[in-house]
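Subject: Structure for your review

Dear colleague,

Please find below the structure that I am handing over to you. My findings follow it.

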Amino acid sequence: MQKILNYIHGHLTEPNSRNYLDDINPAEGKVYCQLPDSDRKDVNQAAHAARLAFPEWSAMPVKKRSDILLKIADLIDRDLEKLALAESIDNGKPLKLATELDIPRASANIRFFATAILHFSSEAHLSDNEAVNYTIRSPLGVVGCISPWNLPLYLFTWKIAPALASGNTVVAKPSELTPMTAFLFSELCMEAGLPAGVLNVVHGLGDKVGQAINEHTEITAISFTGGTATGRKIAATAAPMFKKLSLELGGKNANIIFADCDVEQAINTSIKSSFSNQGEICLCGSRILVERNFYNTFVEAFVAKTKRLRINDPLQADTDLGALVSEAHMNKVLSYIELAKLEGGTVLTGGKRVVVEGRCSEGYFVEPTVIVGLDQNCRTNQEEIFGPVVTIMPFDTEQEALELANATAYGLSATVWTENLKRAHNISHQLKSGIVWVNCWLYRDLRTPFGGMKQSGVGREGGLEALRFFTEAKNVCIRL
Ligand code: NDP
């Protein structure tokens, strides 16, 4: 059986313990490879390697650093098919999605930050002709990057690319549920000539490897994407150590649909924003709010389209929804559907596990599910389910839509469908979420700030925000 290895100091290495964990193919429900069950010792070695590599990497001319990263991006493009297949097998997502979204975005992330760093600049301030101030931005040193399982290589590269481009060295931990593409990425780093120790990838469990990263005294910053509960744990350890923290956490995003929308676009895109990647995207609009005079029309059309989605073997070209990432996650999603019924909801379509014929008969598939009749304050409408489950609620006025949209502990993203420009601006400005899409969803320009309000996170990633996070500002003031 294939074994994934850690990537420490430029080498693929076994964990010190020689213990391994099972990696499951969720579409088959079977173990298909093994990954290191690493511990604090491995993290210490990785941090040591990163510390040794820091002086040379941070002092390297920016153009040279950029060229190495661009080479890695080229190698991702070269291996697109191999990486997409690996991602689909490891995560359960449709191969088509991995081929069209995950892997192209991984190379785009690297390319974006490899070139952004060439244009990164800092400020200078002339003070009343008496003094001149200029700001130096230096890399932080060794930083930790911890990423989740839903968009494995996409989010792994989104974190490490700005960290490396700005001259830091990295200890990274991918999710133990989806380690494969980070492992294949380690091989590409070696091939591209990334100096030893600049990037170190330690595989294993969150409470062992992740916690050791949080606690390591030489790791000066942590960039984390994952659940809100994990973010809280990381902050509890890292904040008293005064580490810099960027936390990209969960969401319970509203998709607000006014009767004056472009109906076809609103319905088609809402299908995507509800069920893409089996609903396992932090930006999915899991609470659909529809203006009452359009509610019945929308619900009828939305449910009809949902019923036409194909749940099948992720490797089939026409599959819309693949498998959920794990048996535990599938059971969590199914338990929320049962909870929704207890809370008074009506399941209009879906609601059950699906048995796919053939090699996927043991896989973790769940029907795309639409629930109505729930109160805004119930748990189903307040807690992140992170699966192919949406609720639909009616509203009467713009003010009510806004209140419903903002009435959760989360504040990651929101989507608004209206042809009324004034309303679009007005509601966008009042939504308490870090990202608002009007008449579109998941349209991403990598230069824009990305992140959540309230319990959806702390800090912003993307563009210059990420480069600023991974550098420390120092002001020099010279009396003229
Ligand atoms: P988790 O929070 O469970 O895990 C994320 C990562 O953190 C994993 O690598 C995990 O390791 C690790 N981890 C777990 N415990 C600790 C710890 N104590 N210290 C350090 N690291 C730890 O999230 P999921 O992987 O389940 O991802 C789904 C969540 O991510 C959802 O809530 C989703 O909304 C959120 N998300 C947010 C995004 C955003 O940009 N805001 C984007 C994508 C997802 P292990 O896997 O071994 O447990």
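In what follows, two residues are said to be in contact when they have heavy atoms within 4.5 Å. Please bear in mind throughout that this is a predicted model.

**The protein as a whole**

The protein has 15 helices and 25 strands. Its radius of gyration is 23 Å, close to the 23 Å that the globule rule gives for 480 residues, so the protein is as compact as a globular protein of that length. Along the principal axes, the C-alpha atoms fill a box of roughly 65 × 65 × 40 Å. Of the 480 residues, 57% are buried. Among contacts with a separation of 6 or more, 74% are between residues 24 or more positions apart.

The accessible surface comes to about 19000 Å², and carbon and sulfur atoms account for 53% of that area. As for charge, there are 48 positive and 54 negative side chains, and the centres of these two sets lie 3 Å apart.

Gln 278 lies in the loop between helix 9 (263-275) and strand 14. With a relative accessibility of 0%, Gln 278 counts as buried. Beyond its neighbours within four places in sequence, Gln 278 is in contact with Asn 91, Gly 92, Lys 93 and Pro 94, with Leu 321, Gly 322, Ala 323 and Leu 324, and with Gly 387 and Pro 388. The C-alpha atom of Gln 278 is also 9.6 Å from that of Asn 150, although 128 residues separate the two along the chain.

Asn 6 belongs to strand 2 (residues 6-8). Asn 6 likewise counts as buried, at 0% relative accessibility. Once neighbours within four places are set aside, the contacts of Asn 6 include His 11, Leu 12, Thr 13 and Pro 15, as well as Val 201, Val 202 and His 203. Pro 36, Ser 38 and Asp 42 are also among the residues that Asn 6 contacts. Between Asn 6 and Ala 46 there are 40 residues of sequence separation and 9.3 Å in space, C-alpha to C-alpha.

Which residues of helix 14 (residues 421-430) are buried? They are Arg 423, Ala 424, Ile 427 and Ser 428. Seen down the helix axis, these buried residues fall within an arc of 125°, so they line one face of helix 14. The face turned away from that buried side carries the exposed residues Leu 421, Lys 422 and His 429. The cover over the buried residues of helix 14 includes strand 13 (254-257), strand 14 (287-291), helix 13 (398-406), strand 21 (413-417) and strand 22 (435-438).

In helix 13, the buried residues are Ala 401, Leu 402, Leu 404, Ala 405 and Asn 406. They are covered by elements that include strand 13, strand 14, strand 19 (389-395), helix 14 and strand 23.

**Phe 450**

Phe 450 is located in the loop between strand 22 and strand 23 (453-454). Is this residue buried or exposed? Phe 450 is buried, with a relative accessible area of 9%. Apart from neighbours within four places in sequence, Phe 450 is in contact with Trp 158, Glu 248, Leu 283, Ile 435, Arg 444, Gly 459, Arg 460 and Glu 461. The C-alpha atoms of Phe 450 and Asn 150 are separated by 17 Å, and the two residues are 300 residues apart along the chain.

Ala 239 is placed in the loop between helix 8 (228-238) and strand 12 (244-248). Its relative accessibility is 38%, so Ala 239 counts as partly exposed. Leaving aside neighbours within four places, Ala 239 is in contact with Ile 234 and Leu 245. Gly 459 is 220 residues from Ala 239 in sequence and 14 Å from it in space, C-alpha to C-alpha.

Phe 242 is also found in the loop between helix 8 and strand 12. Phe 242 counts as exposed, at 75% relative accessibility. Its phi is near 60°, a positive value in a residue other than glycine.

A positive phi near 60° is found for Arg 18 too, again in a residue other than glycine. Arg 18 sits in the loop between strand 3 (11-13) and strand 4 (20-25). At 51% relative accessibility, Arg 18 counts as exposed.

Yours sincerely

Methods. Residues numbered from 1 in each chain as written. Predicted model: local features only at pLDDT ≥ 70, side-chain atom pairs only at ≥ 80, totals over all residues. Heavy atoms only, no water. Helix = DSSP H or I, 4+ residues; strand = E, 2+ residues; numbered from the N terminus. Buried < 20%, exposed > 50% of the residue type's maximum accessible area, 1.4 Å probe, protein only. Rg over C-alpha atoms; globule rule 2.2 N^0.38 Å. Areas by Shrake-Rupley, 256 points an atom, 1.4 Å probe, with all protein chains shown as cover. Lys, Arg positive; Asp, Glu negative; His and termini not counted. Charge placed at Lys NZ, Arg CZ, Asp CG, Glu CD. Arc of directions from axis to C-beta.
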